[in-house]
Amino acid sequence: MIELHHVTKEYGKRKSLDNVTFTFEKGKVYGILGPNGSGKSTMMKIMAGLVYPSKGDVTIAGKKADRKTASNLAFLASEGMLYPGFKIEQMIHYYHSQYSDFSIEKAEELLTFMELDRHQKVSQLSKGQQGRLKLLLVLSRQTDVLLLDEPFIGLDPMVRDTIVQGLVSFIDFGEQTVIIATHEITEIEPILEDAIILESGRITAHCNVEQIREEQGLSILEWLKSNFKKGELV
Ligand SMILES: Nc1ncnc2c1ncn2[C@@H]1O[C@H](COP(=O)(O)OP(=O)(O)OP(=O)(O)O)[C@@H](O)[C@H]1O
């Protein structure tokens, strides 16, 4: 369980997060949706213990989020995960050396699944291949919490579908708490249980995906549009 309690993050006078209180329940898959600059990455970094709130607090399984709690969660970040001079197999061995929960067997399975060549250098990978390698590195870890910040960035629509299948195959549903910040709402919808909308640093809506589908007949994109106050596109 991840609890945000009156969390505000200020950069200068600007509030990236504004008094956010929310509980992510254990074993559920959440989507964080919202336009550019609404605070999605800030929220992910705060839960990952990489950025500290200006006010309020974040706890993971009852412990305050910091570098220590960060070691028991896998975070797919938008920047800073890959070393350009490394080959793919070196990246895998590096992660294996850094994280005791890293499974080489899972990494091998994912190499095949993601159609990556272990001998290729990171600097020679396309954006899509880099995205797949990042996913390989986080999905090979056996952590209670998985945070994915824009996992589809740079990936073409065909590959996005493959990635969703990969998530379905490699996530431990019901056990891992998975939080995905994304603009690719339609692609991710099949695996989401709950969705929240962030607008200007505030949570403005929260839904159970199946419930709105059954009770209101809405897809998550339609729900998002119906809830979105400013009418901006995400
Ligand atoms: N390190 C930083 N220093 C100053 N301002 C920052 C910093 N990080 C984020 N911000 C600001 O905080 C706000 C929220 O940014 P954030 O990256 O969390 O949004 P986002 O919803 O992830 O956006 P996107 O969809 O474009 O990735 C933005 O106004 C951004 O400029």
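1. Helix H1 lies across S1, S2 and S4, and its direction makes an angle of about 120 degrees with S1. Contact here requires C-beta atoms, placed from the backbone, within 7 Å; axes are lines fitted to C-alpha atoms, for helices over the stretch in contact, with angles from 0 to 180 degrees between N-to-C directions. Helices (H or I, at least four residues) and strands (E, at least two) are DSSP runs, numbered from the N terminus.

2. This is a predicted model, in which local features need pLDDT of at least 70 and side-chain atom pairs count only at pLDDT 80 or more, while totals for chains, interfaces and linings use all residues. Residues are numbered from 1 along each chain as its sequence is written.

3. Four strands form an open antiparallel sheet in the order S2-S1-S4-S5, where pairing means at least two DSSP bridges between two strands. S2 and S5 (63-64) are the edge strands, each pairing on one side only. Five bridges join S1 (residues 2-11) to S4 (residues 55-60) in the antiparallel sense, and Leu-4 stands opposite Val-58 in S4.

4. Because seven of the eight residues of H1 are buried, this helix is largely enclosed by the rest of the structure; a buried residue has 20 or more other C-beta atoms, placed from the backbone, within 10 Å of its own. Among the buried residues of H1 are Lys-40, Thr-42 and Met-47. Just after H1, Gly-49 takes a positive phi of about 75 degrees.

5. The largest share of the shell around the ligand, three residues, comes from H1.

Definitions and conventions. A residue is buried if 20 or more other C-beta atoms lie within 10 Å of its own, exposed if 12 or fewer, and partly exposed in between; C-beta atoms are placed from the backbone. Two residues are in contact if their C-beta atoms, placed from the backbone, lie within 7 Å.
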